[in-house]
Amino acid sequence: MLKLSAGAVACTCLMLSIGRPPIAAQQPAPAAVTAIRAGRLLDPDAGRILTGQIILVEGNRIRDVGPNVAIPPGAQVIDLSAMTVMPGLVDAHNHLALTYKPEPESNVYYYTYVQESTALRAIEAASNGMQMLAAGFTVVRDLGNNGNYADSALRQAIDQGWLPGPTIINSGIIIGGMGGQFFPPPEMAKDHSIVYPEYLEADTPDEIVKAVRQNILFGAKVIKICVDCKPYGYTADEIRLFIREAAKAGMKVAGHVQTAAGAKNAIDAGIWSIEHSGALNDDLHKQMAAKGIWRAGTETPTGLQGHPVSAEAYARTVAGLKNAYENKVMAAFSTDADYFVAGKTRGELCLEFLKPWKDAGIPNADIIRAITINGYRIADIDRTRGPIKAGYFADLIALPGNPLDDVNALKTVQFVMKDGLVFKRDGVMTPAAFFHAGPVNGWRIR
Ligand SMILES: [Zn+2]
């Protein structure tokens, strides 16, 4: 069987190559070199600014950085000498293929899900991805509620080279006990499978293994589970089974948690990240810090039009974040953005989520670490993306002002480079170089 399918693949390749120019004629030209003059270069790790730096980018990688880097003849020079250049931003929890709205669904995502096809949602996700990138987010962890794998389709389209977007670390379908996060009546659950494809139901060890494998097969890069969305939430042993199965494919497990008991099970099992912070308290934070478990708290700010947060709820959110910070919990900037606020792009909406971090009294340098370094780490891509250092992918942004002095400077991104290509310049999106009529980076990227 294996032999047969391998033969079939070889045969297809042969057919595809008929009528093509010889291989030598297809060799790509030498990678273009770009030199960026950075007036100020922000290093989030050190929490400091270096002035007068030159960043050399070759192809999609950073080749060299420093004050005295020689600019090769013929290199394109980009002058950002009046700007602060820094690594791209990370939203550790978003839902790019879900946008619920006041009209027609009264901000209830059940209706978004029954009214919008996965195909439409995938196109919305492509738009949202570009809006994120324009705001400076070069990495997004996209954690489910994306219909029938619209998130995988978006990641594959970006990775293969069809269109611009952030690096997507996507979860595929959220796995949960019967019902997922929905409360379907018996008719809808049994006769219409209304829960799928928003949730994959997995109630037994066999179903858990199969659900993880289904998501891996269909393009997930992280496994997202509903730890305690129902009273029959997962035990620590069941979560361990998720972790073991995901690890076979090198993937981590992110857990939606909404109760203290659920958080305890997730922590005991050694889950990679806890999503949402409503159930976390001082004791649980201490346990998370001791075990090195990530916190993607998805702290919602006040003042978002159409999405009121009560003063009490916001005070709890801010106090929780402050407590996590004091306990040295590993915390990543995260939004849970999945709705539309009139007048704001998805990226602009996400940057409003800086407010609770400021209100928690967290120093700007640490907020910047949470939205850069910690984002790369929770997304598990920190070995290839993040620092502006030789060898890393060339993802970087530039803005006037200094975010170490005023973190709201992050809301004024004027320049975005992704994988060595300029996506935004002088405040205007310039995405032409990203659009291709074929999978220029390789159709095998899945
Ligand atoms: Zn979410």
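Residues are numbered from 1 along each chain as its sequence is written, and side-chain values use heavy atoms, with hydrogens and water left out. Because the model is predicted, local features need pLDDT of at least 70 and side-chain atom pairs count only at pLDDT 80 or more, while totals for chains, interfaces and linings use all residues.

View 1. Helices (H or I, at least four residues) and strands (E, at least two) are DSSP runs, numbered from the N terminus. H93 is buried, at 0% relative accessible area, whereas D336 is partly exposed, at 21%. Buried means under 20%, exposed over 50% and partly exposed in between (1.4 Å probe, protein chains only).

**View 2. E105 and its surroundings.** You'll find E105 in the loop between β5 and α2 (109–115). E105 is buried, with a relative accessible area of 2%. Its side chain makes a polar contact with the side chain of K101 (3.0 Å). A polar contact is a pair of N or O atoms within 3.5 Å; within protein, one must be able to donate a hydrogen and the other to accept it, and residues adjacent in sequence count only if both atoms are side-chain atoms.

**View 3. The largest pocket.** This pocket has a volume of about 730 Å³. Of the 34 residues lining it, H276, G297, T298, T300 and D336 are the closest to its centre. A pocket is an open set of points on a 1 Å grid over the protein atoms alone, where a 1.4 Å probe fits, with protein on both sides within 12 Å along at least five of seven lines; lining residues have an atom within 4 Å of a point. A volume is the space filled by probe spheres set on the points, which are joined across faces, edges and corners. α10 gives the most to the lining, with five residues.

**View 4. The second largest pocket.** Its volume is about 610 Å³. N60, K418, D419, L421 and N441 are the closest to the centre, out of 26 lining residues.
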